[in-house]
Every structure is written in structure tokens, then in C-alpha cells.
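Hi everyone, thanks for making time.

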Amino acid sequence: MGHLKQRNLITTRERLRDQVAHALRAALISGELRPGEVYSAPGLAEDFGISATPVREAMLDLAREGLVEPVRNKGFRVTEVNERDLDQYTEIRALIEVPMIGRITRSAAREDLEALRPVAEDIVRAAREHDLIGYLDADRQFHLSLLALAGNDRLVETVGDLRKRSRLYGLTTLDERDQLIPSAEEHIELLDLMVAGDVTGAEKCMARHLGHVRSLWAKPGPGTGPGT
């Protein structure tokens with residue numbers, strides 16, 4: 001019985017660690033945790049209302065993903081993602097995802113594609129309701145679930161990692177300006193093209209969507225808006 005209790009305890013702790021890591025990733029993307037700033041595990045733990053241990057473990061997970069870096073005796077600094085990094089992430093994703101969308105359009109069963117429609121609608125709904133966490137969760141679920149239809153787990157893992165390493169600048173500001181809605185609606189457009197069996201249209205839509213997302217990543221300069 002002692003071993004079973006210990007295993008349950010570890011499982012609970014790992015689940016909390018994953019939940020904290022997920023919340024921290026969302027805070028990074030929304031801009032609540034700012035690039036270049038140093039955050040301590042005890043300070044973040046106080047915000048979460050939990051002990052520092054799962055927060056420290058979650059931050060180490062984020063460090064392995066390149067999202068933060070340890071700062072001795074201080075905590076973790078949020079890494080700054082430069083424009084060159086974002087261009088490279090987008091290029092890699094396009095090389096993987098655009099042709100895969102064509103392949104999946106040719107091979108996937110219509111009912112499997114239609115099963116993702118509620119998720120695509122959730123993305124749009126979250127964008128319209130200014131639910132950033134819901135938007136991020138639904139967006140990730142849609143893209144990775146769609147790619148999973150190709151049957152290549154390592155491909156899904158790779159794209160998932162790229163998505164973690166690349167994050168939107170000022171997502172809150174974009175949300176306030178309703179600039180997330182057009183990107184959200186592209187998910188439904190993509191799904192419609194795939195269900196219709198339009199391979200070329202689906203590939204073009206995916207390429208445009210990634211370009212749209214990259215424009216959202218761009219840091220606006222003085223007198224310019226995101227995406228210009």
C-alpha cells in the first residue's frame with residue numbers, strides 16, 4: 001500500500017507542475033510575464049496560492065523549452081524572442097504544416113475533419129469574448145489535433161515545441177483591438193476547404209494563416225500597428 005500511495009502523490013505533483021507550466025506559458029504569451037524580466041518561484045507561487053516547489057519545477061520545464069533562463073539566486077528571466085527567431089520558427093512551421101495540410105486533406109475522413117469544427121468555433125468564440133486562455137487552448141488543440149490526423153506523433157511533437165518557443169507579442173493589446181478575430185476565423189475557413197477536398201486552397205489558406213500569425217508576432221514600431 002505504501003508504494004501505491006507514493007505513486008499517487010507523485011502523479012498529483014506532476015499534474016500540478018503541468019498545470020502551473022501551462023498557466024505560465026499562457027502568461028508569457030499574453031504578456032503578463034515580460035521578456036527580460038526576472039521572476040522568482042516564491043513570488044509566482046504566492047500569486048498561484050501554492051508552494052514554490054511545483055512553480056520552480058514548472059519554470060525548469062520552461063527553461064528546457066527555451067522560454068526562460070535561470071538566474072542564479074534570483075529566479076528565472078523570460079527570454080526575449082527576436083525577429084530572426086520568429087522568422088525561422090515560421091519558416092520551419094510552413095515547411096512542415098503547409099504540405100501536411102495538403103496530405104491530410106487528401107487522406108482524412110470527412111467525419112474526422114468535421115469533429116474539429118467545434119474546436120474551430122471555440123477559437124472564434126474565445127476571440128470575440130476576449131477569453132485569451134480559451135483562445136490559446138483551443139488554437140493549440142485545433143492545430144495539433146489536425147496534424148495528428150497524419151498519424152505522425154513525432155511531427156505533432158515537433159510543431160508543438162515550435163509553438164511553445166514562439167509566442168505572440170502584446171496579445172492583450174491585439175485582443176483589445178479585436179485583431180485576433182480575423183486570425184481566429186481562418187481556422188473555420190481552413191476546415192471548410194479541407195472538408196471540400198480543396199487541397200490547393202487548403203494549402204494556400206494554411207500558408208496565409210501562418211503569415212498572418214507571424215504578422216501578429218511582429219513588434220509594432222512607433223506609429224505603426226501590429227501586423228503592419
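Let's start with pLDDT, which is the predictor's confidence in each residue, from 0 to 100. A contact, for today, means heavy atoms within 4.5 Å. What we have is a predicted model, where local features need pLDDT of at least 70, side-chain atom pairs count only at pLDDT 80 or more, and totals for chains, interfaces and linings use all residues. Residues are numbered from 1 along each chain as its sequence is written, and side-chain values use heavy atoms, with hydrogens and water left out.

So where does the pLDDT stay under 50? One place is residues 1–10, and there the model has 0 contacts beyond four places in sequence. Residues 220–228 are also below 50, though that stretch has 8 contacts in the model beyond near neighbours in sequence. Where pLDDT is low, the predicted coordinates should not be read in detail. Over the chain, the average pLDDT is 85, and 86% of the residues score at least 70.

Now the overall layout. Helices (H or I, at least four residues) and strands (E, at least two) are DSSP runs, numbered from the N terminus. By that count the chain has 11 helices and 3 strands, and in sequence order they read α-β-α-α-β-β-α-α-α-α-α-α-α-α. Among these elements, helix H1 (residues 2–30) has the lowest mean pLDDT, 68, while helix H5 (residues 110–114) has the highest, 98.

Of the 228 residues, 45% are buried. Buried means under 20% relative accessible area, exposed is over 50%, and partly exposed is in between, using a 1.4 Å probe and protein chains only. If you take contacts with a separation of 6 or more, 73% of them join residues 24 or more positions apart.

On to helix packing. Axes are lines fitted to C-alpha atoms, for helices over the stretch in contact, and angles run from 0 to 180 degrees between N-to-C directions. Helix H6 (residues 117–128) and helix H7 (residues 132–148) have axes that come within 8 Å and cross at roughly 155°. That makes H6 roughly antiparallel to H7. For the wording, under 35 degrees is roughly parallel, over 145 roughly antiparallel, 65 to 115 roughly perpendicular, and the rest oblique.

Which residues make that contact? On H6 they include Val 119, Ile 123 and Ala 127, and on H7 they include Tyr 135, Ala 138 and Phe 142. By class, the contact has 8 nonpolar, 2 polar and 2 charged residues. Here Ala, Val, Leu, Ile, Met, Phe, Trp, Tyr, Cys and Pro count as nonpolar, Asp, Glu, Lys and Arg as charged, and the others, Gly among them, as polar.

H7 also meets helix H4 (residues 83–107), with axes that come within 10 Å and cross at roughly 60°. H4 and H7 are therefore oblique to each other. Here Arg 93, Glu 97, Met 100, Ile 101 and Ile 104 in H4 meet His 143, Leu 146 and Leu 147 in H7. That contact divides into 5 nonpolar, 1 polar and 2 charged residues.

Last stop, helix H8 (residues 153–165), where we find Gly 160. Gly 160 is buried, with a relative accessible area of 7%. Its C-alpha is 9.9 Å from that of Gln 141, 19 residues away in sequence.
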